[in-house]
Amino acid sequence: MENIKQNNQKKWWKNIVVYQIYPRSFADSNGDGIGDLQGIISKLDYLEQLGIGAIWLSPVCKSPQDDNGYDISDYQDIDPMFGSLEDMERLIAEADKHQIRIIMDLVLNHSSDEHRWFQEAKKSRENPYHDYYIWRDGTEEVVPNDMKAAFGGSAWEWVPQIGQYYFHQFSVKQPDLNWENPKLRREIYDMINWWIEKGVKGFRLDVIDQIAKEPDRHITNNGPRLHEFLRELSKETFQRADLVTVGEAWGATTKLAKLYSNPDNSELSMVFQFEHICLDQIKGKEKWDLAPLPFIELKRVFARWQKELYGQGWNSLFWNNHDLPRIVSRWGNDEKYRVESAKMLAILLHGMQGTPYIYQGEELGMTNVKFKIDEYRDIETRNLYQERLEKGYAKEDIMRSIYAKSRDNARTPMQWNDEKYAGFTQGTPWIGVNPNYREINAANQIQDKESIFSCYQTLIRLRKEYPVFVDGEFELLAEKDPALFAYTRTNADAQVLVICNFFEKTIDCAIEPDRSMQLLVSNYNDEGQRKTLRPYEARIYYKLR
């Protein structure tokens, strides 16, 4: 246990909260309707006030923007829509003055088809860059196999000039990189070290569990050489500095996560796993095939990850990101109990062991949006609509799925104030603003001690002040209770008790804190009765042992 404590104290990223910024939707400084790096710099005071310790910056590298920056054409330059390399260097320096580190989003599974590597690769089979990508022989009429791309259609694209297909798991403009090629890997390592020298303090690695794919065997994630590649990547780059690294790994299990986030630092700091996020869909179907949230299973999933990684790995804690709908609309109540349920979901998550991630606007209780189909900008959403129309789905059913799960729910502009376009831009925003911005915005909440923003401030401060939030062991309570989510976190010195009513009805609390416990935070402005919990009520209690 003592070794765990010492290890926790050494790792700065175990004591902080990370804030994800989706740059094109955060703050626009030049009136072109697209957020930019100067806009982020202008909001660093706000982020310092919130209390976060690092920014995870969604992709800002040069890109044709076929998939909103996740198609990189130059890893060592900034896309002009966001600014310049000098702006990036300034952001790193200015954030440091606010005690905020910058975590970059790197896409190492694929590049843009406009990257110079691919432009060379498709010229001939003998080109030195040809083997930087995954090619298969074939004829124009017969694809190598039946693998499908995540955004629809075949995963193979024909290049007539050389009579071969290239493999792409996502858009046709996102050819997959061939990690079997050591020259490619060396180029990637040199690029990462270049960013480290510029002061970047960490990396979020997009779909990193897919780099060791074997398409001939229909293997996309968790390929045979994955952990070999990750260990080499870490040794050649991440271990040279005091960094945080988090890998997006949709196929991760607790067993695999122990490899990814082994405390020996041989691979990554942690992974984003999505087991809890996939619970409200019909099993074996797509995310669009909606199902009620199985609450008991949600508790079991969280408990398993908390228990099995304790002392052997590290959890990332999140409800939202740029690919997911707003949690208050998804599993909370974004109407009558928006404030209470948003706070409850925050308290529930931030009491656990791991590094919490806040997605921009989550700290304000921003909600999902209901656009007309032609107002959506997300390639996945638009493709889904067309595909399901062609399959005979009713428009109403398609739109119900889109309202619930479209990635654009997370990508509407940050709501700063009640002025035009929510204070995001002086121009016309690249995507529509949620109409509720007059009610839900930062200006309304910053000075309000009862606001969602204030609740997040408190939770961030508690993690810094009470070591038990970092190193305490998790124990799930009342596992089969149909409405109560309760657990303890316990170390040698102290214990916290977290109790949350996950639903709208008042309930009898099966777990009553003893009178020696101090109330640290609640989502109501009075403690109320310890034996009952009001709609979405959540509390954290504390005592010394």
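Author: Let us start with pairing: two strands pair if DSSP finds at least two bridges between them. Strands themselves are DSSP runs of E with at least two residues, and helices are runs of H or I with at least four, both numbered from the N terminus. This is a predicted model, in which local features need pLDDT of at least 70 and side-chain atom pairs count only at pLDDT 80 or more, while totals for chains, interfaces and linings use all residues. Residues are numbered from 1 along each chain as its sequence is written, and side-chain values use heavy atoms, leaving out hydrogens and water.

Reader: How do you know that β2 and β5 pair?

Author: Strand β2 (residues 54–57) and β5 are joined by four bridges, in the parallel sense. Pairing asks for at least two, so the two strands pass.

Reader: Which sheet do β2 and β5 belong to?

Author: They sit in an open sheet of eight strands with parallel pairing, in the order β11-β10-β9-β5-β2-β1-β13-β12.

Reader: What makes β11 and β12 the edge strands?

Author: Each of them, β11 (270–272) and β12 (316–317), pairs on one side only.

Reader: Why is D105 called buried?

Author: Buried means under 20% relative accessible area, with exposed over 50% and partly exposed in between (1.4 Å probe, protein chains only). D105 has 2% relative accessibility, so it counts as buried. You will find D105 in strand β5 (residues 101–106).

Reader: Which side chains make a polar contact with the side chain of D105?

Author: The side chain of W56 does, at 3.0 Å, and so does that of Y70, at 2.7 Å. Contact in the wider sense means heavy atoms within 4.5 Å. Leaving aside neighbours within four places in sequence, the residues in contact with D105 include L57, S58, P59, R204 and D206.

Reader: Why is Q99 called exposed?

Author: Q99 has 55% relative accessibility, so it is over the 50% limit and counts as exposed. Q99 is found in the loop between α4 (85–97) and β5. Its phi is near 60°, a positive value in a residue other than glycine.

Reader: And what makes N265 partly exposed?

Author: The value for N265 is 28% relative accessibility, so N265 counts as partly exposed. N265 lies in the loop between α8 (254–260) and β11. N265 also has a positive phi, about 70°, although it is not a glycine.

Reader: Which residues have the most contacts inside the largest nonpolar core?

Author: M88, L108 and F203 do, in a core of 143 residues. Such a core is a set of buried Ala, Val, Leu, Ile, Met, Phe, Trp, Tyr and Cys residues joined through side-chain atoms within 4.5 Å. Not counting residues up to four places away in sequence, F203 touches residues including I192, W195 and I196.

Reader: How many bridges join β16 and β20?

Author: Strand β16 (residues 494–501) and strand β20 (residues 538–544) pair over seven bridges, in the antiparallel sense. Two of the bridge partners in β20 are K543 for Q495 and I540 for V498. The strands belong to an open sheet of five with antiparallel pairing, in the order β14-β15-β16-β20-β18. β18 and β20 pair over four bridges, also in the antiparallel sense, and L519 stands opposite Y541 in β20.

Reader: Why is β20 called mostly covered?

Author: Five of the seven residues of β20 are buried.

Technical notes. Polar contact = N/O pair within 3.5 Å; in protein donor to acceptor, adjacent residues only side chain to side chain.
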